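My notebook is open, and today I wanted to see how the parts of this chain sit against each other. Here is what I looked up.

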Amino acid sequence: MNDIKEKILSICPSATFEEGEYLQINVADKDWFPLAKAMKEDRELNFDVLTAVVGMDWKEAYGVVYYLTSTTHDWDVVCVKVEAPDRKDPMIHSVSSLWKVALFQEREVYDFFGIKFINHPDMRRMFLRNDWKGFPLRKDYDADPKLNPIPKDDEKNEDDTRSYVEDEKGKVTCVPGKVFAPGDYVVNVGPQHPSTHGVMRFRCAVDGEIVTKVDVVSGYIHRGIEKLCEELGYPQILHFTDRMDYMSAHQNRECLCMCIEKAMGLEVPERAVVIRAMMDELMRISSHLLAFGCTAMDLGATTAFFYGFREREQVLDIFEKTCGARMSMNYNVIGGVIADLHPDFVKDVKELIRIMPERIKEYHKVFSGNIIAMNRLKKVGMLPLEDAVNYCITGPSGRGSGWSCDCRKKHPYGAYPQVKFEEVLEYGCDSYARYMVRMREIEESVKILEQLVDRIPEGPIRAQVPKIIKLPVGRWYQQVEASRGTFGVYIESDGGKTPYRVHFQSPCFNLVGVMDLCCRGNMIADLITIGAALDFVIPDIDR
Amino acid sequence: MEVNIKSMKREDFKDNEYIDKLVEELNATGANVAVGKLDQLINWGISNSLWPLTFGTSCCAIEFMSLGAARYDMARFGFEVARNSPRQADYIMVQGTIVHRMAPVLVRLYEQLAEPKYVIACGGCAVSGGPFKKSYCVVNGVDQILPVDVYIPGCPPRPEAFFYGLMQLQRKIKVQKFFGGVNRQEKVEEFFRQHPEERGQID
Amino acid sequence: MFDFSIVTNWVNDLLMGFLPSWAAVLVECVIIGVCVLLAYTVLALFYILYERKLCAWFQCRLGPMRVGPWGLLQVFADMFKILIKELISLKGTDRFLFKLAPYIIITSSVVMLACLPWGNGLQIIDYNIGIFFILAVSSVGVLGILLAGWASNNKYTLIGAMRSGAQMISYEISLGLALISIVVFAGTMNITDLVAEQQSAWFLFRGHIPAIIAFLIYIVAATAETNRGPFDLPEAEHELVAGYHTEYSGIHFGFFYLAEYLNLFIVSGIASLMFLGGWMPFHVPGWDGFNEIMNYIPGPVWFLAKAFFISFVIIWFKWTFPRVRIDQMLAFEWKYLMPLSLLNLVLMAVCVALGWHF
């Protein structure tokens, strides 16, 4: 850590440090961009992944907290805190030219806090309507429903964009631009479309059948979870995680629980840790089975979809017996899990372990081995390794580009250090590789279950927690490997009963950011397969 | 006259006073024999061929997929022909939260459905806003923007609950009057009164 | 085989007996029209149920169960519903063409159905260019699809219609060439003669290798011609919402829906006539007892059974295979299927010229 400090001080002498969970660097906005550039490009630092971008309103100033990770240096994480100098018209220099993932992340911060990012090429709103008044996550936001009533009229297509460009003298001017070129033939896919997996909207400029540009319009299911969290106590915010990425409900909820437990310094009983890991893997199997089914269905092979769902029902049965619900299980709680395992749990899991290998063979027979499926998936939606890292595409999609980014290996948590499993990597960089990673991950999850199912320790299922949970002042960031990638939870506490700020860093938001890159030059039909192979869940994007 | 669903006991449905009231009303006023029989035939057709519009915003949509999958198999009831084009669908099942940005889109989808059309609000979010009720941009129940026929509570509802809701819709359809009940022509005239500039543009 | 022309001639004579000849022909036309439309509707409804049940069984489901015994009345419920659905007309569309398109499609498929003989003498007109006429009429259907796509004033429908145009025009070549190989073999285009030629054995067996290749090419091209999976790009649900008929509602959509299923029957019927001996029973040379029993099964049953079997195969394709992409589909036709069918035609001609057949 100390050499990082020295190195950063040599680049930017004005930086100050705070010790916390991770090393925190406080830097002024004017020094931020050069420091970021150095941190990314310097070989010794090499912070090549921008993990999280969290907009903040500290009442005295707006600002952004960045979490950076270095893939080469043992997955070190540092936290950078940048404050916008002017509260009236907050502006911060954009890092989107260094880390492409910031293109969307910074738009989100602009949407919620009104912080303008200088030199960002496309400063539009992300989730809210263009005619929305105010910036909802600001602490002084006026939530009067009269200001923003339920809209009656259709939303106008926003073709105008703007960027804030700084000249040499440091003067910032607003430069208008256009999203599409004047002659573009724009086809609108979504928000109600069978293959956007929810209410996502892509505006595609096409040349014949070939897609030349994709403009992602998101926010059709933006429910303002982060703002809701600020008014609720810690145990009350847990249930939102189940409803974001409903296909990784257990992992997301575990992540939030772990973040709060970490802040409280709470030790989780061993039994709960193992149960959590098993539930995570079951959830992963169910999610990947759904992904398999949806990929097949989007390609028109409807029967494979039903085969995937057949086994998924079996996983849901296990959930239902123990958690009492098929979806939105609400199972993890702070300090452990809410209910003990059902007596049939071990038997059911063993049955699942028994049938899965042959069922996977059947899937390969029905779908993966099909020549048409291969032609549709191979060499489609290429995402080279550099781009995957730059856009922070984690999870099966990132591993399909050969990026070893499994959070269970890089930041081991829970019961994962106890088990042996392989991190699945494919090097095809195309949709087929992403699809195959998912199929192989089901096998790995089965292996993990196999190791854990006979080793569930006896003991309590949850730790003693106080009735009213208060976190000490500070900021925490916790990551887990959800079904679709690294899911992160950021909590900032001012010592009260409710969090000061909660931010969910969802993997799907990054996935959808890469759609434009993947789809360019491919055909309209490929847009669907690329989306299916990236496998994003819309409520996780919009939150 | 009573409204029955095949192989379902009436006791399982008697909690629906609304439909019982409709039946009473229908029995009291009576209908012409020929028109009444024709109505029954048409209602039998509509109620047994409810094609959903594929529309889901969040978790409920996944449960809807389970509904179509092998274990629950809504094809048994003839509900499986999910149409992606609202013109060809019979009902819209609002599965999931409706937020401000989506609200006009949903209304438009509803308007694009061809008559006779029905709305089912499915899941806590669509019924009342659910856990997101206090949010700054969530519509607290789709009944604020659409006329809802059936509410299915749950978060998300189980597939069995979906079936129960769909059967309630079937019962509701079975007491509707096609002749004199739904008159599209009147609505067209009313539309032209409100938008005189559209006359001649559409027929 | 029992000759149905005895019956039809008897009806003709009966009518001629007490009516002037023009009136008799008129009455016959009306009877035939009613019969054809009735057969059309019943067949289409049967096919809808057939496919829904089949796909359910492929997918470990039950399929329609609750409406009528085994769900037999399901399709009637659907038809009642579709008939009373509102017909939506849209702003900014070409109204005349928009309404014309479904009728063109349904007309084309009704005419094709009318040309198919179901049994010996059970046909409306015995053309000497029968198979050629059917192929010609089948091309009219694509016009309806193009009109529907264009008149709807919608980008999805337009893309769907353009795909459909490209697809049907391309695959028609292979389809035609595959049928021409059989015409070369039989030396006639008259359907009755074609079937009569298969008295001893079906063309599929008599023409051995080139006939089998032609049959396979025909099945692939026919799948593409009817816009069915894996070639269902024009209405690719997951890409183009509902393709060229996205904007159609009510019975207009019903026409597309019926025509789609009926075209499936028609291509299967043609395959059964051209390759599988039409209404001729299945005979094995030498097994006289077996052949005798087969002869007792009436011709129309044979014809329908063969057609349903081929439809089963095509439905099986649809529910198993993923959809191909437009460029892959066109490349497949122009790079592989068409050269193959040309070569096959040459091979067939050589076989016929040298007498290398049974």
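I began with the spacing: the C-alpha centres of domain 1 and domain 2 of chain A lie 28 Å apart. The bounds, from an automatic or database domain assignment, are 2–142 + 161–177 for domain 1 and 225–542 for domain 2. I kept in mind that this is a predicted model, where local features need pLDDT of at least 70, side-chain atom pairs count only at pLDDT 80 or more, and totals for chains, interfaces and linings use all residues. Residues are numbered from 1 along each chain as its sequence is written, with chains lettered from A and ligands numbered from 1 in the order in which they are written.

Next I looked at the contact (C-beta atoms, placed from the backbone, within 7 Å). It takes 22 residues from domain 1 of chain A and 21 residues from domain 2 of chain A. On the domain 1 side, S3 (49–57), S4 (62–69) and H3 (102–113) of chain A each supply at least two residues; helices (H or I, at least four residues) and strands (E, at least two) are DSSP runs, numbered from the N terminus. The largest share, six residues, comes from S3(A).

Then I turned to an open sheet, S15-S16-S17 of chain A, with antiparallel pairing; strands pair if DSSP finds at least two bridges between them. Its edge strands are S15 (474–482) and S17 (501–505) of chain A. I found nine bridges joining S15(A) to S16 (485–493) of chain A, and A:Gln479 stands opposite A:Gly488 in S16(A).

Definitions and conventions. Contact = placed C-beta atoms within 7 Å.
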